Amino acid sequence: MNNFRPVLALVVIALLGISFQSLNNHQSAATEGLLQLPTKDFSPTRRSGKFIDAERLDDIYSPANWFGLGFPKITSELALALKHHRHILRDKKFRSGEIPGNLNVSADDFETVIDLLLEREGLRPDDLHQYLDAHQIWGDDKKGHVRFTGYYTPVVEARRTPSGKFQHPIYAKPENWEGQLPSRKEIEAQGVLDGLGLELGYTSNPVDISAVQLQGSAYVDYVDTGERRLLRYAGHNGHRYRNIQNFFKNRDDLRIGDVSFQGIKRFLKRNPSLTDSVLHYNPSYTFFASTKGLVKGAADVPLIKAVSIAADPVYFPAGSVFLASFPVVEDGEVVHHEYRILLPQDVGGAIKGTGRVDVYCGVGKAGEQMASNLHHYGKMWLLTPKKNKQIAEAL
């Protein structure tokens with residue numbers, strides 16, 4: 001650890017008498033203490049959440065003025081996620097200088113940020129601007145606009161053995177397979193993996209399997225044994241992913257108003273004869289491993305609702321901490337933004353670059369609802385510690 005800590009300790013002791021602004025409680029502990037941005041100052045467009053007055057940024061991470069920025073309350077849930085985050089840094093060090101662009105940061109820098117936030121657990125800090133620098137990330141348009149989408153952990157019913165409507169297998173990954181692994185159509189329609197002992201259970205609907213694969217994990221409730229197991233990502237078949245939304249493009253013979261995955265699920269419920277055609281449009285297939293415990297991301301720490309994100313690790317390295325102006329959506333439109341601390345703890349095959357992050361939204365129907373409503377824009381700032389000279393000048 002660098003020599004920042006001794007100076008920091010003296011500064012913190014000297015500032016113990018600082019009072020912090022209180023904040024009203026929210027219904028969900030995971031989103032308690034969020035500080036709303038004044039829309040009259042930031043002028044977000046209501047539909048997408050993009051900021052009308054956004055200016056082009058000079059680099060991938062551009063220094064930001066703390067004027068107008070703020071921090072949410074450091075809740076117990078956020079503190080827990082930060083402690084998990086510290087384990088990431090200690091288990092697998094992030095080497096200095098590995099992120100692209102204009103910054104040279106280290107695992108020690110990220111750990112300093114985590115420690116500063118943890119020291120203020122239970123508070124909404126108003127002094128962190130004295131110790132931290134904020135660097136706004138480019139976003140998808142180099143004006144800082146980051147698209148926030150959501151993912152969740154489905155809960156599906158299955159049987160250990162096929163019976164009645166439960167006839168659609170979920171597979172573990174084949175070992176020692178020679179050549180190209182089979183496509184989704186070959187697996188689901190032709191049964192090329194049948195009889196290999198790879199079945200983890202049988203669902204009543206292949207759409208449920210596609211949903212689990214899209215989200216990357218799921219809890220499975222086995223109706224014949226009463227057991228709940230967690231299915232975790234165990235690899236894929238190597239075929240290129242094709243979004244099934246594209247199946248409906250340029251198809252005048254099919255009427256579907258909502259091409260989100262939830263909308264496609266509703267469409268297939270009304271038109272079950274098209275299920276195979278739609279699902280097999282995507283040849284990619286995900287395999288799973290059966291386990292117990294909490295849902296974990298690629299960084300192998302438990303995911304926390306509304307805190308953990310899946311992002312491109314090139315630009316959002318594991319162990320880094322981001323401040324976000326997060327879009328709050330009502331009836332499909334952004335009504336305001338609020339500050340949140342978001343932690344990169346997962347990755348996604350389709351999440352690349354600086355323009356999108358996937359926010360973990362929790363388990364089951366509530367998680368699905370939150371995830372399905374989130375496809376809007378906000379901004380994000382990478383947090384790094386100020387150097388000793390900067391702190392002295394700030395004080």
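How many bridges join strand 5 to strand 8, and in which direction do these strands run relative to each other? In this predicted model, the count is four, and strand 5 and strand 8 (residues 217-222) run parallel.

Strands of a sheet pair through backbone hydrogen bonds, in either a parallel or an antiparallel manner. Here, four strands form an open sheet in the order 5-8-9-10, and the pairing is mixed. Strand 5 (155-158) and strand 10 (286-291) are the edge strands, each of which pairs on one side only. On average, neighbouring strands of this sheet are turned by 40 degrees against each other, direction ignored.

## The largest pocket

The volume of the largest pocket is about 1600 Å³. Its lining comprises 48 residues, and those nearest the centre of the pocket are Leu214, Gln215, Tyr241, Arg356 and Asp358. By class, the lining residues are 18 nonpolar, 21 polar and nine charged.

## Elements that line the pocket

Two or more lining residues come from each of these elements: strand 4 (146-153), helix 6 (206-215), strand 9 (228-236), helix 7 (261-270), strand 14 (356-363) and helix 9 (364-372). Strand 4 contributes the most, with five residues. Strand 9, one of the contributors to the lining, is also a member of the open sheet with the order 5-8-9-10.

Technical notes: Residues are numbered from 1 along each chain as its sequence is written. This is a predicted model: local features need pLDDT of at least 70, side-chain atom pairs count only at pLDDT 80 or more; totals for chains, interfaces and linings use all residues. Side-chain values use heavy atoms; hydrogens and water are left out. Two strands pair if DSSP finds at least two bridges between them. Axes are lines fitted to C-alpha atoms, for helices over the stretch in contact, and angles run from 0 to 180 degrees between N-to-C directions. On a 1 Å grid over the protein atoms alone, a cavity is a set of points where a 1.4 Å probe fits but cannot get out, and a pocket is an open set with protein on both sides within 12 Å along at least five of seven lines; lining residues have an atom within 4 Å of a point. Grid points are joined across faces, edges and corners, and a volume is the space filled by probe spheres set on the points. Ala, Val, Leu, Ile, Met, Phe, Trp, Tyr, Cys and Pro count as nonpolar, Asp, Glu, Lys and Arg as charged, and the others, Gly among them, as polar.
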